[in-house]
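Q: I would like to learn how to read the features of a structure such as this one, step by step. Could we go through it together?

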Amino acid sequence: MAGPHLQQPSFLLATLKADCVNKPFVQRCHDLERYIEEFPAKELHGIFPWLVESIFGSLDGIIVGWNLRCLQGKTNPIEYPVALDFLDPSGPMMKLVYKLQAEEYRYDFPVSYLPGPVKASIQEQVLPECSLYHNKVQFPSSGGLGLNLALNPFEYYMFYFAISLITQKNSPVTHHVSPSNSAYFILVDTYLKCFLPTEGSVLPPPYSNPGGAIPSPTPRSPPVPFTSYGMHHTSLLKRHIAHQPSVNADPASQEIWRSETLLQIFVEMWLHHYSLEMYQKMQSPHVKESFKPTEEHVLVVRLLVKHLHAFSNSLKPEPLSPSAHSHTASPLEEFKRVVIPRFVQEKLYIFLQHCFGHWPLDASFRAVLEMWLSYLQPWRYAPEKPPQSTESLPRSVSEKWATFIQENLLMYTKLFVGFLNRALRTDLVSPKNALMVFRVAKVFAQPNLAEMILKGEQLFLEPELVIPHRQHRLFMTPTLGGSFLSWPPTITDASFKVKSHVYSLEGQDFQYKQMFGTEVRNLVLKLAQLICQAQQTAKSISDHSAETTASQSFFSWFRFTPSEMNGSYTGNDLDEIGQDSIKKTDEYLEKALEYLCQIFKLNEAQLTQMMMKCGTAQDENGKKQLPDCVESEDGLILTPLGRYQIINGLRRFEVQYQGDTELQPIRSYENATLVRLLFRLSSALNERFADQMDALCSREDFVGRLCRYHLTNPHLIQKIRYSPVVKDRTTQNWGPRISLRFLASYRTLLSLLMVYFIASWFCIGPVGCTFIILIGYFLYAVIMTFFSEGWKPHEH
């Protein structure tokens, strides 16, 4: 057995540190590959911790390392393939891992960087249930600081690899980086395919000596006893590490110890951030979040979920004879049978519950949603292919998945209720939110799925037999630690299995809310009503956009429209997306409503009446309704219903700029310098020719009508004359005046450039072009004057 890795600084380590400064990345990787091949394990043992940290970054996030999360082929075409080859399961780095593994070296990993529940458990001297931590906790020697895990090289490497997704949050990430194309994402997929293969067996490690074996380290016991969850005081000496078999261990365990270790590390580092007790505390809105997963984190977990479904579905069909099964099933096949319920289910459920309750109400929730839907549909990753059909009918869910649905009932029912509560608080007019509702409704509307969920609920609600206290925990906990091979046999009673699943995740006192019960059905009806309202809102926005587009002419580009002048806000992101996306939103909402009717057997007559109410509530007497408010001494105050109506774009206040249009804040589509210059010019002209303009506007002939239409703002004058705030109503600032601000609009400038370009094409000079523009504008002004009623001159 080798001693601890803290040795005197070696010449090799000093050389590698110098190379990090003096040599390019590709050259360093080639040198490392040569060192790994040529140097003995004793020399490589001293550089291993430093090398792992230099690749994956430090645990505190200060050292970024190779920044695999941002390393992509498009942005780093040279470094990207070199890094992937170096870290490949058959690459130089894994050869180093196996070379050190053969010598039984151990490396310390600080307990303080483990996920919260595990860290708290070990610090309280309670042994976690996961056998990954058994026989590894090392107490500090005299003068030492903190607890450590003594890990073998494979575990140490995978611990750093998995936790780098969590610790390297502050690494520089550019906007054009796609997580699914990063080197980290590709390596996760590669490791899963190598150590959890869907075809064949796990590839043997590339041993450094032909025909040699890799003995695993002998378990070491700590100086003080630990307590295991639900167990009496037990020494760690009694908890043998089955996934780290000794030299004389069972060959069956030896075959898959890397597979089990890899999966446990990924699940612990990525999902085990909330314990059952912590999850129950997090239901209080006053409790601060201890860990916030990122969108990239969720995407990696989804990759894990999808591969585990494929891995589990690659299980060979069971033989008809039970005796034959006991002799022919390999450890890898047994591992496939239990990989999801015994390693992933509980931690993934709590992780999803936390995301559903604490994730922001924005489009980034799509990553969580797709990960959840991937877990709910294991049939999508089954090896058999669906029959080809000319009709695009949804594929019925086979009855063989009934057991999976029953053993994951809460994943379907309680998380569906959680999604309903989120959907009721989001803006369904937004295309991205409408798409999420559509995706969930489409998945749950698959033929035969709702019936199997209902059957699972009926099994849970059957009269309960006497269940000994906490006996359900036996289904989720191995006896005396060890590998999954030592777990108790599976219970076959369907009702008892469903009850065990629910109580193991939520506790014996859990009050189950039926997915097809009255309470949830009322929530679905509320969602259907909101979908109808969102459809009406999208339609009104679409109609308004169409009217605005149709009312604009070429010459209107040279003037401000009323909506631009008063600064009113007209809704949500649909205004910027366009008519195509509005139509897509309407399609999503319409199909989602159709799917909800199929799932919950909603009454069509009731829905028709609901849609009619939404249509009449949208417009009352041809006027837009204001949000729900109550009168108070300080004016109108929004009620909770009113706030909800504003958030979802169902109603809004008509906010308009009611001051001098010349003094509005400079808009984003205006040139700030031109606005200020043109304001000074128009102010000088208005001061110089104020009397003449007032006299022209006072005339009753056509010239007076023309001047009144183009030199006055009748709506603004009317507000000023009858406003109780404005004292001086005779000031010339509110009389006839010239406004040149429209010339500062980028739209106007672009139009002028287009006219000059067209004129130059026909060999018309700048003077002639200007003359044409003035003539055209004059004709436009004359035509608009004929269609207006003019403005009566006010009395001073």
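Q: Is E104 buried or exposed, and what is its relative accessible area?
A: Before the answer, a word on the source: this is a predicted model, in which local features need pLDDT of at least 70 and side-chain atom pairs count only at pLDDT 80 or more, whereas totals for chains, interfaces and linings use all residues. Residues are numbered from 1 along each chain as its sequence is written, and side-chain values use heavy atoms, with hydrogens and water left out. As for the general idea, a residue is called buried under 20% relative accessible area, exposed over 50% and partly exposed in between, with a 1.4 Å probe and protein chains only. E104 has a relative accessible area of 14%, and therefore counts as buried.

Q: Where is E104 placed, and what is its phi?
A: E104 lies in the loop between helix 5 (92-101) and strand 1 (107-110), where helices (H or I, at least four residues) and strands (E, at least two) are DSSP runs, numbered from the N terminus. Its phi is near 60°, a positive value in a residue other than glycine. N448, which is not a glycine, also has a positive phi, of about 80°, and N448 sits in the loop between helix 18 (431-444) and helix 19 (449-460).

Q: How many helices and strands does the chain have, and what share of its residues is buried?
A: The chain has 32 helices and 10 strands, and buried residues make up 47% of its 796 residues. With contact taken as heavy atoms within 4.5 Å, residues 24 or more positions apart account for 79% of the contacts in the chain that have a separation of 6 or more.

Q: What is the strand order of the open sheet of 3 strands, and which strands stand at its edges?
A: In general, the strands of a sheet pair through backbone hydrogen bonds, either parallel or antiparallel; two strands are taken to pair if DSSP finds at least two bridges between them. Here the order is 1-4-3, with antiparallel pairing. Strand 1 and strand 3 are at the edges, each with a single partner strand, so one side of each has no neighbour in the sheet.

Q: Which residues stand opposite each other where strand 4 meets its partners?
A: Strand 1 and strand 4 are joined in the antiparallel sense over 4 bridges, and in that pair Y107 stands opposite L151 of strand 4. Strand 3 (residues 137-138) and strand 4 run antiparallel and are joined by 2 bridges; V137 stands opposite L149 of strand 4, and the bridge partner of Q138 in strand 4 is N148.

Q: Which faces of strand 4 and strand 1 are covered?
A: Strand 4 (residues 148-151) is covered on both faces, with N148 and A150 on one side and L149 and L151 on the other, all of them buried. Strand 1, by contrast, has a covered face formed by Y107 and F109 and an uncovered one formed by D108 and P110.

Q: At what angle do helix 7 and helix 8 pack, and how far apart are their axes?
A: Axes are lines fitted to C-alpha atoms, for helices over the stretch in contact, and angles run from 0 to 180 degrees between N-to-C directions. Angles under 35 degrees count as roughly parallel, over 145 as roughly antiparallel, 65 to 115 as roughly perpendicular and the rest as oblique. Helix 7 (residues 153-167) and helix 8 (residues 183-195) pack at an angle of about 140°, with their axes 11 Å apart, and the two helices are therefore oblique to each other. The contact involves F154, Y157, M158, F161, A162, S164 and L165 of helix 7, together with Y184, L187, V188, Y191 and F195 of helix 8.

Q: Where are S374 and F335 placed, and is each of them buried or exposed?
A: S374 is found in helix 15 (residues 366-376) and is buried, with a relative accessible area of 1%. Not counting residues up to four places away in sequence, S374 touches R302, V305, K306, H309 and Y381. F335 belongs to helix 13 (residues 331-343) and is buried at 0% relative accessibility. The C-alpha atoms of F335 and S312, which are 23 residues apart along the chain, are separated by 8.4 Å.
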